[in-house]
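Open the model in your viewer and keep the selection tool at hand. Each stop below says what to pick and what is there.

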Amino acid sequence: MSEEKLSFQAEVSRLLDIVAHSLYSEKEVFLRELISNASDACDKLRYASLTQPELTAGDATFRITLTPDTAARTLTIADNGIGMNRDDLVENLGTIARSGTANFMAALSQKAEAKKDGEKDVSLIGQFGVGFYSAFMVAGEVEVYSRKAGETQGWRWTSDGKGSFTVGESDDAPARGSRIVLHLRDGEDDYLQTYRLQSIVKKYSDHISIPVLVGDDEKPANAASALWTRPKSEITAEQYKEFYHHVGHAFDDPWLTLHWRAEGVLEYTNLLFIPEAKPFDLFEPERKHRVKLYVRRVFITEGPEGLIPAYLRFLRGVVDSEDLPLNVSREMLQHNPMLAKMRTGIAKRVLGDLARKADDADSKADYARFWENFGAVLKEGLYEEREQRDTLLKLLRAYSTHGGTNGDELVSLEDYVGRMKPGQDAIYYITGEDKAALARSPHLEGFRAKGVEVLFLTDAVDEFWLQSVTQYKDHAFKSVTRGGADLANVTAEDKNDETPKAPEDSVADLVALAKLTLGDAVKDVRTSERLRESAVCLVADEGDMDIHLERMLKAHRR
Ligand code: ADP
Ligand code: MG
């Protein structure tokens, strides 16, 4: 039978080389990756069969089997999921540039700095959508036999991971789905032992809802029920974590695990996680979330628009609806009113739990970690979601001039308001990219002298929400770089620091001279109370764009 030989894309070749020579001690994670793929393949077919029931005719029970063969020294992982045809094999396991490849390599070399080269943490691999290649950690040769559901032709893909692979027609492919044969390297005989395989499955794949059968054992090695359907009291932290890794393509610990069932007009179960580390794609322009939608335990789609607000896109996990119709098409989903209701319920619950963390004096440092990772994303909600504005303002944290000049403590707006000076109405802030640079700004001199706190707002998004959120509890937000930021009514902290008045007429002369010299370059020249050491500073007029925003937009246009 005809067989084509094709080359891996150069980057994939390099990745395979690293994987094959890895001295990483927990090679067993390859099994987690292959089982995860097999489970995804079953989910995909179950979804497809909703509209095309003939695809699963004759064999409607999904399963994953692990078969060790001691004589041949092979381990076979088989599933009766969606399967792959020639083009799928070439595209998914071969030539197409996978966006994750480069990201994975970059993450590896970052992590490797602290370690010896060979011990690179290959377990990260699944996070970047290249988990299949982890098979080459334990196998010198990998064969994939596959037949796509609904198609007659079967295929075989094979590679030794050294730059190329072959793909050709095959009569040995399973009736439906994929069979992956790993020819184990010397010294990897561990993976031929049934009990060892069972314990790895238990460790990493217990939450997989499809039964995983090992060897001749008829009892699945995993619990084989969807984790989110089990009672909270029966789920260990370790199981939650493994599920988070699987569903979130992540390898950090969850910072927060939220598991609840919404009851009432709509019923849906949620198992959502807030990651501890920032996902690498958080600031991609699409602002897509990655939460998976299920309907009565059937996987429908990942990241449907309208289920999770963009400002919560760091959430990972599963939402399982009891009410949506099973045959809801992915395209029609976003217009479904039930989805909008679920979105509101989820946002409320997540923000409520965050508020509890934020209010808890004991979890200050913990909340600060969350804020450093995701504060900039949450702030998008300030202008995108009016209903949640008050809650989001309560969650907001910023560095400020309080407690020293360098601003090393995150403060809340409530803290700020509590420290306002007699006669102070507004919440003052300064925007810019770099906190340290902001702290040196001459605009702060007068504020420091009067003991008036100024917030450092250093995220690009700050310029945007400040356009639409004009106040917090009757206190207007005011930029210290604007004309209107006037401290005349604020009583000075230290009486000796009242502004020393210069003789009126000499100042008037100076102002006139400056106006004459600068001409059209400035709108106005005036005296101000805001400076102490510096002679002059630039401010924007009350109704004009803030200086930092103006600079940002100019830089953008270039
Ligand atoms: P990811 O699972 O993150 O997409 P992988 O490298 O693990 O990345 O797998 C690459 C792709 O290969 C999958 O997205 C899927 O399309 C395909 N694939 C892998 N294993 C299977 C399988 N057992 N059945 C069907 N498709 C598979
Ligand atoms: Mg995978």
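Which residues have the most contacts inside the largest nonpolar core? Select Leu315, Val319, Val454 and Leu455. They belong to a core of 62 residues. Helix 8, residues 337-359, gives the largest share of this core, with seven residues. Bear in mind that this is a predicted model.

Stay on Leu315 and show what it touches. Leaving out residues up to four places away in sequence, Leu315 touches Leu272, Phe273, Ile274, His289, Val291, Ile308 and Val350. As background, nonpolar side chains tend to be buried together in soluble globular proteins.

Zoom out for a moment. The chain has 558 residues, and 37% of them count as buried. Colour by secondary structure: there are 17 helices and 19 strands. Among contacts between residues at least 6 apart in sequence, 71% join residues at least 24 apart.

**The ligand**

Select ligand 1. How many residues surround ligand 1? The count is 16, and the closest are Asn37, Ala41, Asn92, Gly131 and Phe132. Helix 2 (29-51) and helix 3 (86-93) are the elements that give two or more residues to this shell. Helix 2 gives the largest share, four residues. Colour the shell by residue type: seven are nonpolar, seven polar and two charged.

Select strand 5, residues 154-159. Is strand 5 mostly covered or mostly open? It is mostly covered, with five of its six residues buried.

Strands 4 and 5 pair in the antiparallel sense over five bridges. Pick Val142 to see one pairing: its bridge partner in strand 5 is Ser159.

Strand 6 runs antiparallel to strand 5, and six bridges join them. Trp155 stands opposite Glu169 in strand 6. The hairpin of strands 5 and 6 has four residues between the strands. Here Gly161 takes a positive phi near 75 degrees.

**Helix 1**

Select helix 1, residues 10-20. Which of its residues are buried? They are Val12, Leu15, Leu16, Ile18 and Val19. These residues lie on the same side of helix 1, because they cover an arc of only 160 degrees around the axis. An α-helix has 3.6 residues a turn, so residues three or four places apart point the same way.

**Two arginines with positive phi**

Go to Arg73, in the loop between strand 2 (64-69) and strand 3 (74-79). Phi of Arg73 is near 55 degrees, a positive value in a residue other than glycine. Arg73 is partly exposed, because 16 other C-beta atoms lie within 10 Å.

Then pick Arg297, in the loop between strand 11 (292-295) and strand 12 (298-302). Arg297 has a positive phi of about 75 degrees, although it is not a glycine. With 14 C-beta neighbours inside 10 Å, Arg297 also counts as partly exposed.

**Last stop**

Finish at Lys232, in the loop between strand 8 (212-214) and helix 6 (237-248). Is Lys232 buried or exposed? Lys232 is exposed, because it has 12 other C-beta atoms within 10 Å, and a residue with 12 or fewer counts as exposed. Draw a distance from Lys232 to Ala439. Their C-alpha atoms are separated by 47 Å, and the two residues are 207 apart along the chain.

Definitions and conventions. Residues are numbered from 1 along each chain as its sequence is written. Chains are lettered from A and ligands numbered from 1 in the order in which they are written. This is a predicted model: local features need pLDDT of at least 70, side-chain atom pairs count only at pLDDT 80 or more; totals for chains, interfaces and linings use all residues. A nonpolar core is a set of buried Ala, Val, Leu, Ile, Met, Phe, Trp, Tyr and Cys residues joined through C-beta atoms within 7 Å. A residue is buried if 20 or more other C-beta atoms lie within 10 Å of its own, exposed if 12 or fewer, and partly exposed in between; C-beta atoms are placed from the backbone. Two residues are in contact if their C-beta atoms, placed from the backbone, lie within 7 Å. A residue is near a molecule or strand if its C-beta atom, placed from the backbone, lies within 6 Å of it. Ala, Val, Leu, Ile, Met, Phe, Trp, Tyr, Cys and Pro count as nonpolar, Asp, Glu, Lys and Arg as charged, and the others, Gly among them, as polar. Two strands pair if DSSP finds at least two bridges between them. The arc is that of the directions from the helix axis to the C-beta atoms.
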